[in-house]
Amino acid sequence: QVQLVESGGGLVQPGGSLRLSCAASGSIFRINNMGWYRQAPGKERELVARITSGGSTNYADSVKGRFAISRDNAKNAVYLQMNSLKPEDTAVYYCNADIRRIGYWRDDYYWGQGTQVTVSS
């Protein structure tokens, strides 16, 4: 089994910062892409940022210049540093990873349970 566990969400004022963390555990052979998605009430889940195993990144236009994704391959972890937060960033944030399990021949996508980020004064 593989689990992704997120942490770091909360309530922050506009202009503030938060750092989300996500750690993968279990029978992991290899982790390919890792990323963060978010889903606001009444909206579809959307990609926020993604990072490859080699460190290449891409971001949603709405967060470019404000958010930074990084990863620690030794810890099977991915992070999202969120700066200059806006009320429209309010959503549940989900960690996602493309993982090859030990003894398996294919990669599968896994999701964390989600962490709430609320930006409000």
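**Reading the salt bridges**

Author: Asp-107 forms a salt bridge with Arg-30, and their closest N and O atoms are 3.5 Å apart. The pair links distant parts of the chain, 77 residues apart: Asp-107 belongs to strand S10 (residues 107-111) and Arg-30 to strand S4 (residues 28-39). This is a predicted model, in which local features need pLDDT of at least 70 and side-chain atom pairs count only at pLDDT 80 or more, while totals for chains, interfaces and linings use all residues. Residues are numbered from 1 along each chain as its sequence is written, and side-chain values use heavy atoms, with hydrogens and water left out.

Reader: What is a salt bridge?

Author: Side chains of opposite charge can pair when their charged atoms come close. The term denotes a side-chain nitrogen of Lys or Arg within 4 Å of a carboxyl oxygen of Asp or Glu. A search of the whole structure finds seven salt bridges. Strands are DSSP runs (E, at least two residues), numbered from the N terminus.

Reader: Are Arg-38 and Asp-89 buried or exposed?

Author: Buried means under 20% relative accessible area, exposed over 50%, and partly exposed in between (1.4 Å probe, protein chains only). Both Arg-38 and Asp-89 are buried. Arg-38 forms a salt bridge with Asp-89, with the closest N and O atoms 3.0 Å apart. Arg-38 lies in strand S4 and Asp-89 in the loop between strand S8 (77-82) and strand S9 (91-101), so the pair ties together parts 51 residues apart in sequence.

Reader: Which residues are linked in a network of salt bridges?

Author: Arg-38, Glu-46, Arg-66 and Asp-89 are linked in this way.

Conventions:
Helix = DSSP H or I, 4+ residues; strand = E, 2+ residues; numbered from the N terminus.
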